[in-house]
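Here is a short briefing on selected strands, helices and loop residues. The sequence and the structure come first, followed by the notes.

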Amino acid sequence: MKGRRLLITGAAGFTGRHAVAYFAAEGAEVTAVVRRCAAEASVFPAGVQQYICDLGDRKAVAGMIGEVMPDQVLHLAGKNSVPESWQDPLLYMETNVMATLYLLEALRFQPASRILVAGSRLKYRPDSAAGPPHPYSLSKTLEELVSLAWGTLFKQPVLMAEPSNLIGPGPSTGFCSLLAQHIVRSEAAAGRGEAPPAAFKISSRHVQRDFLDVRDAVRAYSYILDQGETGKIYRIDSGAQRELGEIAGKLLAHAAAPVEMDWGPQHAEEGQAAASPASAVPVQPSSASADREVLQEEPEDNAAVLGWKPGIGLDRSLADIIGYTRAGKEGRI
């Protein structure tokens, strides 16, 4: 990785900040692509170049690629809120599909540049009679299809990564971080002698998901960029399904004050969390039915075949989330 020119889109986001810090530490010449200038210089390590670019502007994207001429691209930018996708589905098509195409088209003139596109487990089978469960799922399915097709049509080195639910310290809007914020708000209210905030609601304590530390995911991206096979989809996960109730219980064990919780129904109905535009459950976009619609790859498609395996345990991830949230950090990871 040392000396490689690496361009990272979505660099100001949760995964993006970890990716920038990791690859810069590994010696890569990192260009962090942001939509607007980061508020604080401390968001990124010293030596990282910020490049302001609207990925929805085709000419701007082409100009950026021509100027930076990256050896590798890690495409993390995109929209990922299921409720928001119901409110503005066209925005999700523009952001997750068209922006990716603009990037791929610009890279067509840099044929040696490898690009890794971060997909989603919430894609669906295009031949499914049920259709997509929500506009976000549709956008990520189309993003994957056009990315792999563009690579085939134009002989571009396109790779896909499919991470599970990413957790860890940083500015995340996922389930674990939202609950950590609720815990810290509850602690602050108790310290002031005030009533606790309204109960934190989850879809069901029995819903199961795979949670992976974002720092492990970034390491997997490095393996895939360097060793991955063009046109393959690499699934990245911890290998363990956890109930939301278990995760919540582990986080609540860190609480220094009573925390109000709404655990939802004892048995979640299939698709309940994401099937309706009226859903307002404050959890990371996911549902049991959507998870089962994911195209199942053979074991050799997993990132583990490249020598990667997760190294950060769940308890450490949750402790780091609580620590980050209590510290009120806003910048560098």
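Which residue of strand 5 is the bridge partner of Val-73? In this predicted model, the partner is Ile-115.

- Strand 4 covers residues 72-75, and its residues are all buried.
- Gln-72 and Leu-74 point one way from strand 4, whereas Val-73 and His-75 point the other way. In a regular strand, side chains alternate between the two faces of the sheet.
- Strand 1 (residues 5-9) runs parallel to strand 4 and is joined to it by 4 bridges. Within this pair, Leu-7 stands opposite Val-73.
- Strand 5 (residues 114-118) also pairs with strand 4 in the parallel sense, over 4 bridges.

- Leaving out residues up to four places away in sequence, Thr-9 touches Val-33, Leu-55, Leu-74, His-75, Leu-76, Ala-77 and Leu-103.

- Three strands form an open sheet in the order 7-9-11, with mixed pairing.
- Strand 7 (165-167) and strand 11 (241-243) each have a single partner strand and stand at the edges, so one side of each has no neighbour in the sheet.
- From one strand to the next, the twist averages 55°.
- Strand 9 (residues 208-213) and strand 11 run antiparallel and are joined by 3 bridges. Arg-209 stands opposite Arg-242 of strand 11.
- Helix 8 (residues 244-252) lies across strand 9 and strand 11, and runs at about 70° to strand 11.

**Helix 10**

- Does the length of helix 10 agree or disagree with its number of residues? Helix 10 (residues 314-327) has 14 residues, which at 1.5 Å a residue should span 20 Å; the end C-alpha atoms are 20 Å apart, so the two agree.
- The buried residues of helix 10 are Leu-314, Ser-317, Leu-318, Ile-321, Ile-322, Tyr-324 and Thr-325. Seen down the helix axis, these residues fall within an arc of 165°, so they line one face of helix 10.
- These buried residues pack against strand 7, strand 9 and strand 11, and also against helix 6 (175-191), helix 7 (214-227) and helix 8.
- Gly-328 follows helix 10 and has a positive phi, near 65°.

**Loop residues with positive phi**

- Most residues other than glycine have a negative phi.
- Met-69 is not a glycine, yet its phi is positive, near 50°. Met-69 sits in the loop between helix 2 (58-68) and strand 4. Its relative accessibility is 40%, so Met-69 counts as partly exposed.
- Lys-155 is not a glycine either, and its phi is positive at about 55°. Lys-155 lies in the loop between helix 5 (135-154) and strand 6 (158-163). At 70% relative accessibility, Lys-155 counts as exposed, because the cut-off for exposed is over 50%.

Terms used:
Residues are numbered from 1 along each chain as its sequence is written. This is a predicted model: local features need pLDDT of at least 70, side-chain atom pairs count only at pLDDT 80 or more; totals for chains, interfaces and linings use all residues. Side-chain values use heavy atoms; hydrogens and water are left out. Buried means under 20% relative accessible area, exposed over 50%, partly exposed in between (1.4 Å probe, protein chains only). Helices (H or I, at least four residues) and strands (E, at least two) are DSSP runs, numbered from the N terminus. Two strands pair if DSSP finds at least two bridges between them. Axes are lines fitted to C-alpha atoms, for helices over the stretch in contact, and angles run from 0 to 180 degrees between N-to-C directions. Contact means heavy atoms within 4.5 Å. The expected span of a helix is 1.5 Å times one less than its number of residues. The arc is that of the directions from the helix axis to the C-beta atoms.
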